[in-house]
Amino acid sequence: MTSQASLDAVLAQVDAGLDESLERLKALLRIKSISTDPAFAAECQRAADWIVGELSGLGFDAAARPTPGHPVVVAHGPAAEGPHVLFYAHYDVQPVDPLNLWHTDPFEPVLKDDAQGRKIIVARGASDDKGQMMTFIEACRAWKAVTGSLPVQVSLMLEGEEESGGKNLPPFMEANKAELAAADIALVCDTDMWDRQTPSITTMLRGLVADEVEITCANKDLHSGMFGNAARNPNQVLAEIIASLRAPDGSATLPGFYDDVAEISPELRAQWDGLGFDEKAFLGEAGLSLKAGEQNRSVLEMLWSRPTCEINGMIGGYTGDGFKTVIPAKASAKISFRLVSNMDPAKIRAAFRKHVEERVPADCSVKFTPHGGSPAITVPADGKYLQRALTALSGEWDKPAVITGAGGSIPVAGDFKKILGLDTLLIGFAHVDDAIHSPNEKYDLESFHRGIRAWVRVLAGFAAGK
């Protein structure tokens with residue numbers, strides 16, 4: 001069991017070594033590990049090798065494992081009593097375009113004051129995800145410096161292709177399942193805090209089903225003057241199908257769509273209601289004022305714990321400059337469904353396709369093209385690792401940490417559950433204004449500093465249950 005004296009000493013080490021930690025982060029940020037551009041493949045390898053060097057220096061058995069794409073860094077600390085954690089982050093970054101909108105060189109990190117006087121570090125990857133990743137590594141460094149060991153057994157799996165689709169990670173996890181599944185809990189540091197003074201753990205991630213629908217009517221494009229009214233228009237067929245997907249109250253109309261959707265607990269609803277989320281301001285930032293979707297639900301409920309049906313793209317007929325009086329032969333749309341816990345992606349895809357097929361006229365045809373499907377992830381609210389992590393985060397910020405959901409999907413969390421059988425705690429210290437994927441990406445120095453301290457506390461909290 002970790003003593004309070006040991007914990008205090010490690011936290012003091014984090015504070016004393018912050019400048020050195022920051023210099024190590026800067027060194028990693030200077031590596032141009034843009035995974036989507038083949039021109040930077042050597043830089044991705046260099047970033048992986050740099051991380052291996054740092055982890056090896058801390059006593060980890062670390063290696064940059066090859067994949068058909070960029071390497072996956074895998075590292076294992078010495079065996080220890082108590083739980084075994086598997087930490088995930090990614091070392092690759094987004095391209096920097098448009099370069100002319102950056103105020104400084106995106107790969108020469110700059111420490112400066114923002115408009116509110118807060119210290120920030122500006123560079124590509126500062127927040128997503130090198131800064132976040134280094135908070136955990138630096139926490140391990142502080143434990144080693146003070147106690148010579150880590151309070152629990154730690155493994156790391158650091159990806160080099162998260163920003164370019166991550167297609168090689170699931171087969172890598174399958175191939176190394178016995179090794180990686182030895183952990184008890186997965187930790188991901190690629191998310192935000194609720195606000196600058198409220199730490200959070202994301203325990204709900206929506207799944208996704210995406211389908212492309214193509215309706216074909218005539219065997220060629222037709223002149224609308226010669227065939228108008230007499231010929232079936234696939235744009236109209238598709239529009240009527242799309243319109244049928246939602247009821248007037250904003251709910252989805254697919255039969256059985258909500259059968260497996262559970263209500264959140266009264267306690268969680270009360271916590272979310274107490275977050276002070278401003279629905280009008282949230283919509284106002286997008287130039288909107290009226291809430292869509294299920295009208296009897298709050299915006300946070302709809303974003304975090306309710307499924308969606310969205311039309312992501314529609315194509316049909318002439319869309320160039322000017323005008324062309326044509327009845328197209330084909331029309332298509334891209335439709336996606338965000339799923340919540342217990343919903344079966346295959347069941348939803350089948351219900352959607354049946355819904356469409358029933359509405360296609362007899363002399364027309366439909367073709368479906370799948371674009372991925374993954375289940376939602378929910379971590380049990382009473383799980384021991386979640387509760388210990390919440391307590392640890394609350395201790396660092398002297399304010400209760402909150403449980404949040406995420407409207408999007410983080411595929412690796414689903415892979416941890418599906419392939420390795422591990423629940424995932426998503427603990428991050430970024431902020432919504434970090435401009436990730438955009439010019440002038442930044443990470444608050446406070447996020448970096450307190451993120452390191454927070455991971456020190458989380459590891460100690462896990463050790464307390466040995």
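Colleague: Where is His437 found, and what makes this residue partly exposed?

Modeller: His437 is found in the loop between strand E17 (424-427) and strand E18 (442-444). Its relative accessible area is 40%, and partly exposed is the range between buried, under 20%, and exposed, over 50% (1.4 Å probe, protein chains only). His437 therefore counts as partly exposed. Phi of His437 is near 70 degrees, a positive value in a residue other than glycine. This is a predicted model, in which local features need pLDDT of at least 70 and side-chain atom pairs count only at pLDDT 80 or more, whereas totals for chains, interfaces and linings use all residues. Residues are numbered from 1 along each chain as its sequence is written, and side-chain values use heavy atoms, with hydrogens and water left out.

Colleague: Why is Asp398 called exposed?

Modeller: Asp398 has 74% relative accessibility and therefore counts as exposed. This residue is found in the loop between helix H13 (384-397) and strand E16 (402-406), and its phi is near 50 degrees.

Colleague: Why are H2 and H15 called roughly perpendicular?

Modeller: Helix H2 (residues 18-29) and helix H15 (residues 445-463) pack at an angle of about 110 degrees. Angles of 65 to 115 degrees count as roughly perpendicular, so the term applies to H2 and H15.

Colleague: Which residues of H2 and H15 meet?

Modeller: Leu18, Ser21, Leu22 and Leu25 in H2 meet Leu445, Phe448, His449 and Ile452 in H15, where contact means heavy atoms within 4.5 Å. By class, the residues of this contact are six nonpolar, two polar and no charged.

Terms used:
Axes fitted to C-alpha atoms, helices over the stretch in contact; angles between N-to-C directions. Helix = DSSP H or I, 4+ residues; strand = E, 2+ residues; numbered from the N terminus. Parallel < 35°, antiparallel > 145°, perpendicular 65-115°, else oblique. Nonpolar A, V, L, I, M, F, W, Y, C, P; charged D, E, K, R; others polar.
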